[in-house]
Each structure stands twice: as C-alpha cells, then as structure tokens.
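Hi,

Here is the structure I promised to pass along. Have a look at it first, and then read on for my notes.

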Amino acid sequence: MDRNGISKLDLKRLNRTEILKLITRYGAMSRIDIAHNLKLTRAAVTIITNEMIEQGLLYEKGEQKSAGEKASRGRKKILLDIHENYRFSFGVVIDQTKLHIGLANLKGQTLDKKSVSVQRLNIYEMIDFIYRSAQQILSANCLDWKCILGIGICVSQNTVTLLQYVDHHKEDIKTYLKKLFEMRFSIPVMIEGTTESLALAEMMFNTDFYHKPKNMVFIRYGYDVDAAIMLEDSIYKGSHNNSGWFPHLVVDAHGERCECGKIGCCITKMSVFRIIDKIKQLYVQGKTPYLYQATGGNINKIDFSIENLKNILIDEPVRQLYEEALKYLTTVLDNILIILDPDKVVLFGFVFEKILDLEMLNAIMEKEHNCSLKEKVSLSVIPDSQIHLAGNGLCVKKFLIDRGGFIN
C-alpha cells in the first residue's frame with residue numbers, strides 16, 4: 001500500500017460507493033454519465049460497473065429515452081440500475097408505544113412487517129420478539145439469512161426510558177444494545193436514532209429524482225416530536241451532537257416549564273400526550289359529541305388510534321386545541337425556513353397523515369407569519385405504517401452503499 005495515497009482496493013471501493021450514491025440520488029444512469037459525474041474515464045467506469053453487474057448488484061435496465069428526442073444513429077446509452085432484490089434488510093423501530101419490524105428490498109419496497117406494543121416488554125423480550133418475527137418473515141417469503149444485508153435498529157431519545165435498568169455509567173446505551181443484538185443475530189447490526197434514520201430513508205427511497213432535496217429538514221410529529229437536518233445527503237449532527245433538537249426550541253416565553261428545565265419549549269405545546277390530556281379535560285357529551293360517540297363514552301379510549309381521526313376536528317373545542325398546536329408548529333417552520341433555508345421541509349408522522357391538511361397549515365402560516373409553505377414543505381414518501389423503513393434505509397446506507405457493494 002502506498003503510504004502517500006490509498007490502495008487500489010480502497011480506490012475501487014471508493015469509486016463503487018460513488019457510483020451507488022449517484023444511482024441512489026438520480027436514478028438509473030448510463031456509464032457515460034457516470035464517468036462524466038465522477039470525472040473518471042469511460043474505460044474505468046466500464047470495468048467497475050461490469051464487475052458490479054457480474055456480482056448481481058447492478059443490471060442493465062435498457063436504453064435511455066428522452067421525451068421528444070429524435071431517433072439517432074449509433075449506439076444509445078444503456079442505463080444501469082441497482083438490482084432491487086440483490087439483498088434484503090430488516091428494519092426495526094422501537095418507539096414509545098410500539099416495536100416495528102419489517103423486511104424490505106434495496107429500493108425500500110416492504111415485503112412483510114409486524115408490530116407489537118412495548119408497554120410491558122423489557123429489552124430481552126423485545127429482542128426475542130424481533131428474532132422470532134424475523135424467522136417467521138423469512139420463512140413466509142422463502143428467504144434465508146444469507147439473503148439479508150443486516151438489521152438496522154432505530155431508537156428515539158425517549159425510548160431510553162424503557163431501558164432504565166441499564167447501568168449507563170458503564171457504557172453508552174446504543175453500544176450496550178448493539179452487543180445484545182449481535183449476541184442473538186449472526187448478521188451485521190447498526191443502531192441509530194429514529195428521526196435521523198427516517199431522513200436517510202427519505203433520501204434513499206424517494207423515487208421523485210427531479211425533486212429530491214439534498215438539503216432537507218425532516219420533522220417527525222407523532223408521539224415523539226423530533227427533527228433531523230440533512231446537508232448534501234448527509235446527516236448534520238452539530239458540534240455537540242445536538243442539531244435538530246427542535247422539541248426544545250422556546251416558542252412561548254410565558255408557557256409552562258418543560259422537563260428540560262426551560263419554559264415554553266415546543267414539545268410542551270405540541271406533544272400528542274399533552275393534547276390528549278387537554279382533550280380529556282373538555283370531554284363531555286355536550287361539548288365533544290363526535291369524540292364522545294367515537295369512544296363510546298369511555299374517556300380512557302381517547303388516543304390517536306381512533307378511526308376517522310380527522311373527523312374529531314368537527315368538535316369545535318378539539319379543533320381549537322389542535323389549531324393552537326399548529327400555530328406553534330408554524331413558528332418552528334418559520335424559523336427553520338429563515339435560518340436554514342433548506343430545499344425542503346419534510347413532515348412525517350401519523351399526525352400529518354391522519355389529521356393534518358397542508359392547506360390548513362399553510363393558511364395558519366400565512367395568517368401568523370405572512371409566509372407561504374407552498375413548494376417549501378411536503379409530506380414524507382414514507383407512510384407512518386412503514387416506519388420500519390428507517391432501519392432498512394440505515395442498513396442499505398451503512399452496509400451496502402458506504403461499502404461500495406462489498407459485503408463482508
């Protein structure tokens with residue numbers, strides 16, 4: 001190995017990684033266009049991509065066609081694409097209420113998934129459920145462990161409260177979890193935060209190549225409120241690993257004290273659990289007739305799993321509570337757009353899917369901040385029901401693309 005440079009193997013891995021990144025970002029691409037983008041010779045790209053085709057990682061998708069292009073003589077460009085079923089991955093998300101596991105291919109297409117409540121499970125029972133579910137899913141899809149790239153485990157900041165018996169002074173919680181999973185599984189394991197991994201998955205599995213943002217703020221609003229910042233297709237964590245900690249942005253200087261010690265944090269105004277507590281205080285047959293009917297008069301059934309959830313906004317007191325929360329959300333969005341100026345703010349979570357109307361959000365934004373969200377904000381391409389794709393995206397990024405397609 002040349003001490004002043006890198007080895008031929010490392011150079012090949014680097015070039016293969018860049019090719020996979022290009023195709024992931026822009027879709028199927030010809031050898032000529034790959035060579036142009038990477039400043040490599042056509043001959044070098046041909047040698048590298050032919051090896052990747054022989055490996056089964058890439059395949060020739062067909063001739064490139066452009067709308068309105070006249071038929072030309074000579075050889076047309078042949079597009080190369082990633083073979084979606086070259087390998088599969090397991091994605092796992094452990095959040096405050098449920099554990100999700102799903103099997104997906106390299107393009108983020110879900111083959112199978114399962115979920116279970118985590119309210120009464122300890123970490124060993126969770127790992128046991130994940131392992132048994134993975135075995136069942138593989139068997140049902142006629143696959144074996146040799147087809148699996150790895151398993152991506154995603155945990156939110158609040159999930160740590162589920163693991164209180166762990167001695168945090170001995171080692172980092174993610175390191176501890178990784179050891180536990182590696183003891184049970186014989187495949188590569190990666191553990192990261194849920195929202196950061198969702199942002200990666202958004203970039204990797206979004207097939208709208210013409211409008212895919214490179215600089216993005218990804219906001220998750222469900223039982224958790226969290227965000228991630230992506231710059232040039234990479235997660236920006238900040239100098240102290242705290243970037244994207246939007247739940248504790250102060251939005252009301254005269255508000256209530258947050259658990260973090262500050263007053264008027266975003267999470268104190270937008271938290272789903274706090275909204276539910278406020279709704280329960282209004283819950284009577286006369287004031288909230290639709291909600292009363294939807295829950296059968298049982299106050300303990302008030303949660304965000306109610307069928308036709310958007311219809312509870314028919315009850316005026318509930319609608320006012322929700323609109324108040326949205327006002328604080330628009331304050332956060334306004335600050336994000338001014339300070340970070342991203343290509344796009346992407347919204348993820350059941351709140352946006354089941355309740356939120358972007359027109360309604362934009363109307364509040366224009367009224368409160370004299371600013372339009374149109375073409376600046378969009379919903380995630382990942383549905384809340386497939387949140388496990390956060391782990392799948394993490395897996396594909398770390399164990400395939402970053403390694404140039406070399407599988408250890």
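Accessible areas here come from the Shrake-Rupley method with a 1.4 Å probe. On that basis, the protein chain exposes about 21,000 Å², and carbon and sulfur atoms supply 49% of that area. Keep in mind that this is a predicted model.

First, the overall picture. The protein chain has 408 residues, and 47% of them count as buried. Its secondary structure comes to 13 helices and 13 strands. If you take the contacts in the protein chain with a separation of 6 or more, 63% are between residues 24 or more positions apart.

One spot to look at is strand E8, residues 189–193. Five of its five residues are buried, so strand E8 is largely enclosed by the rest of the structure. Its partner is strand E7 (residues 148–155): the two run parallel and are joined by five bridges. If you want a place to start looking at that pairing, find Ile151, which stands opposite Val189 in E8.

Cys258 is in no disulfide: the nearest cysteine sulfur belongs to Cys260 and is 3.8 Å away. Are Cys258 and Cys371 buried or exposed? Buried means under 20% relative accessible area, so Cys258 counts as buried at 5%. Cys371 is buried too, with a relative accessible area of 16%.

Cheers

Conventions
Residues are numbered from 1 along each chain as its sequence is written. This is a predicted model: local features need pLDDT of at least 70, side-chain atom pairs count only at pLDDT 80 or more; totals for chains, interfaces and linings use all residues. Side-chain values use heavy atoms; hydrogens and water are left out. Buried means under 20% relative accessible area, exposed over 50%, partly exposed in between (1.4 Å probe, protein chains only). Helices (H or I, at least four residues) and strands (E, at least two) are DSSP runs, numbered from the N terminus. Two strands pair if DSSP finds at least two bridges between them. Contact means heavy atoms within 4.5 Å. A disulfide is a pair of cysteine sulfur atoms within 2.5 Å.
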